[in-house]
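Hi everyone, thanks for coming. Today I'd like to walk you through one structure, step by step. Please have the picture open while I talk.

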Amino acid sequence: MTDTPMTLPQSPGLMARLRGFWEGSSRNPAKRVQFDRPLTPWLFVLPQLLIVAIFFYWPSVQAVTSSFYLEDPFGFGSTFVGMDNYTDAISSREYRRIAGFTAFFAVMVTGLSLSIGLLLAVKADKVIRGASAYKTALIAVYAIAPPVSGLIGMMFFDMHMGPFTEMAAWFGYEMKVGINYNDTAFALILVAVWKQIPYNFIFFLSGLQSVPVSVREAALIDARSGWRRFKDIVLPLLAPTAFFLLIINITYSLFDTFAIIDVMVKDKPANNPMTLVYKVYLDGFKGNDIGGSSAQSVILMVVVAALTVAQFRFLERRVHYG
Amino acid sequence: MGQISFKSVGKTYAGGVTAVSDVTLDVAEGEFIVLVGPSGCGKSTLLRMVAGLEEITDGEIDIAGRVVNRLDPADRDIAMVFQNYALYPHMTVKENMAYGLKNRRTPKAEIEARVAEAARMLELQPYLDRKPRALSGGQRQRVAMGRAIVRQPAAFLFDEPLSNLDAKLRVSMRMEIRKLQRRIGTTSLYVTHDQLEAMTLADRLVVLNGGKVEQIGKPLEVYHRPASTFVASFIGSPAMNLLDARVEGGQVWLGGAAMGPAGRAEGPVTLGIRAEDLRPAPASQGVALKVEHVEELGSGRVVHGHVDGQTLAVSMAPGLSIGDVLHVAAAPEALHLFDTTTGRRIETRTRTAELVQ
């Protein structure tokens with residue numbers, strides 16, 4: 001036994017990679033590309049940096065600044081009010097109620113779309129005959145634009161002709177999406193989940209298919225129960241995919257569901273569920289309260305950033321990168 | 001009945017392709033059987049049928065007295081070592097070895113003891129808490145072996161376990177596997193395409209070609225008495241020379257020279273002679289070989305040339321001078337005759353019986 005252990009570099013976690021990038025050090029010096037002139041690499045990243053600067057940093061700075069001002073609705077001037085916009089937002093009962101719903105909505109949408117996506121992927125992975133037809137049928141939904149899926153959702157829950165409303169009627173329940181708070185919440189979650197399942201499905205399916213066949217076969221010899229094999233072998237190997245999807249899904253449920261909510265809630269009586277992002281839009285663009293709306297969006301930004309950092313800190317540690 | 005027995009076992013895929021047909025074989029307890037053949041000969045399929053990873057479409061396979069055709073892989077009491085090791089990447093070496101036992105509800109103390117014993121045998125103690133990715137190829141291979149050993153199964157199945165290792169490591173692992181198997185005494189089925197590995201490991205060889213058994217026998221038996229031209233050319237290196245020859249008047253004739261007595265029906269035959277059985281001979285006794293190319297191997301040399309328009313290789317001791325034309329001959333017992341149409345061996349005398357000893 002003279003063969004020396006091969007020390008493979010530990011594949012660094014995302015945070016470590018980010019940190020490495022920030023400190024300008026690469027763990028693998030052999031892979032570093034050297035440029036003759038120090039400016040050249042910056043030229044390569046310039047287009048990307050410009051896009052990020054124009055569409056992210058600049059508006060962020062604008063939002064932070066205007067959150068400290070009380071803006072005239074018609075743009076005739078602004079007054080510095082300090083933290084008033086923040087205290088107003090946080091102390092408002094309505095704001096806290098919407099924050100509560102947003103949390104509930106995010107948990108439900110993320111949880112359901114992840115678990116259903118995984119379930120479908122596991123089942124589709126086992127299909128041999130006509131596999132591509134199943135996959136296409138499941139993935140096709142992803143091609144639908146959010147406002148359109150919101151519209152389709154509206155039709156399904158229409159009070160006069162919606163099939164879901166009819167189904168609820170069989171059980172003696174009168175469903176009033178757009179009027180009843182809980183019914184609307186249910187419809188929002190359902191449409192948001194439906195829209196996101198294909199995305200999770202694609203990633204989980206490709207994750208499943210990257211689990212080596214021989215590892216599955218070894219498990220087949222080691223464990224009789226299919227659930228056991230899934231739980232002990234397949235799931236841990238899917239963890240990197242699942243972690244990535246968790247981040248993406250939370251972001252989706254918080255931000256990208258805007259169009260769905262807009263289509264389903266707009267032009268409806270006031271007492272409807274909505275997420276914080278939608279409230280930012282309502283207050284800012286419908287209510288013309290630019291300062292208050294900015295403060296809310298800054299709060300949201302901080303919360304989401306904190307959430308993401310927390311996930312990388314505490315969850316990613318338990319993820320095994322192959 | 002043996003520890004593993006195959007009764008007319010066959011495998012036909014849904015598309016109608018037959019991968020394995022009519023394999024009948026009894027493996028005795030503790031025996032080391034090597035399934036060998038070129039790629040696509042069905043050897044891996046046969047092994048996977050024993051493991052339960054491929055369905056058995058014809059015949060029956062018995063393991064330790066149970067028909068296993070309908071049993072799950074986990075219930076067949078076998079352990080398998082895969083070509084690419086198939087270790088669980090997220091588990092430590094220890095967890096990898098213990099996993100199969102844990103699922104069989106083996107008591108904890110027993111698992112600990114067996115893993116410790118296997119780690120000692122395979123010199124894996126320093127690595128028990130490492131993940132597979134931090135191990136070298138040879139170490140991973142040993143972990144895969146350890147995972148099989150701790151199970152104490154009725155049979156080990158090896159699916160080309162050494163082909164991912166470099167040449168030097170392969171030789172040492174080969175010996176280790178053989179020593180280990182002798183010590184533990186577990187019946188083993190071993191699949192390889194490497195005839196050298198097959199020769200050195202096997203108690204008995206099963207040579208497969210096109211899904212059919214060509215020959216079953218001890219390595220030397222197969223080497224000295226190949227049952228067909230296929231086996232003759234597959235087992236041994238350099239490959240046995242196979243030449244078109246004629247039998248006339250009880251003699252085998254090649255390129256105008258009588259090579260030796262044949263004592264059978266007249267007509268064309270395929271004459272097989274191993275390169276190492278050919279010796280330089282006086283011009284009157286041997287056949288003329290037009291030398292074309294000499295391979296220097298250090299320990300010897302292989303002379304390639306033409307006889308009567310057919311290629312012939314001759315192994316020679318180093319230092320002998322080689323001219324343009326070399327006369328070579330072989331002892332009568334080193335001549336193998338095969339039917340030109342079926343490729344099967346034609347028995348000439350009983351002389352082979354002595355050689356096998």
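Predicted model: local features only at pLDDT ≥ 70, side-chain atom pairs only at ≥ 80, totals over all residues.

Let's begin with chain A. By that way of counting, chain A has 13 helices and two strands. Of its 322 residues, 26% are buried. What about contacts that reach along the sequence? Take the contacts in chain A between residues at least 6 apart in sequence: 68% of them join residues at least 24 apart.

Now find helix H10 of chain A, residues 226-256.

Angles over 145 degrees count as roughly antiparallel, so H8(A) is roughly antiparallel to H10(A). The crossing of these two helices, H8(A) and H10(A), is right-handed. Which residues make the contact? On the H8(A) side, look for Ala192(A), Gln196(A), Asn200(A), Phe203(A), Phe204(A), Gly207(A) and Leu208(A). On the H10(A) side, you'll find Val234(A), Leu238(A), Thr241(A), Leu245(A), Asn249(A), Tyr252(A) and Ser253(A). Sorted by class, the residues of this contact between H8(A) and H10(A) are eight nonpolar, six polar and no charged.

Next, bring in helix H4 of chain A, residues 93-126. The axes of H4(A) and H10(A) come within 9 Å and cross at roughly 135 degrees. That angle makes H4(A) oblique to H10(A). This crossing of H4(A) and H10(A) is right-handed. From H4(A), the residues that meet H10(A) include Phe105(A), Val109(A) and Leu114(A). From H10(A), Leu246(A), Ile250(A) and Leu254(A) are among those taking part. The contact of H4(A) with H10(A) divides into eight nonpolar, five polar and no charged residues.

Let's stay on H10 of chain A and zoom in on one residue there, Pro240(A). Is Pro240(A) buried, exposed or partly exposed? Pro240(A) is partly exposed, because it has 19 other C-beta atoms within 10 Å, and a buried residue needs 20 or more. Pro240(A) touches Val319(A) and Tyr321(A), leaving aside residues up to four places away in sequence. Arg318(A) is 78 residues from Pro240(A) in sequence, yet their C-alpha atoms are 9.5 Å apart in space.

Time to cross over to chain B. How many residues link the two chains? 25 residues of chain B are in contact with 23 residues of chain A. On the chain B side, strand S6 (78-81), helix H2 (93-102) and helix H4 (137-151) each supply at least two residues. By class, that side of chain B has 14 nonpolar, seven polar and four charged residues.

Finally, chain B itself is divided into domain 1 (4-229) and domain 2 (239-356). The centres of these two domains of chain B, taken over C-alpha atoms, are separated by 38 Å. Eight residues of domain 1 of chain B are in contact with eleven residues of domain 2 of chain B. On the domain 1 side, helix H7 of chain B (residues 219-224) gives the largest share, three residues. That side of domain 1 divides into three nonpolar, three polar and two charged residues.

Technical notes
Residues numbered from 1 in each chain as written. Chains lettered and ligands numbered in written order. Axes fitted to C-alpha atoms, helices over the stretch in contact; angles between N-to-C directions. Helix = DSSP H or I, 4+ residues; strand = E, 2+ residues; numbered from the N terminus. Parallel < 35°, antiparallel > 145°, perpendicular 65-115°, else oblique. Left-handed = near helix turned anticlockwise from the far one by under 90°. Contact = placed C-beta atoms within 7 Å. Nonpolar A, V, L, I, M, F, W, Y, C, P; charged D, E, K, R; others polar. Domains from an automatic or database assignment. Buried ≥ 20, exposed ≤ 12 C-beta atoms within 10 Å, placed from the backbone.
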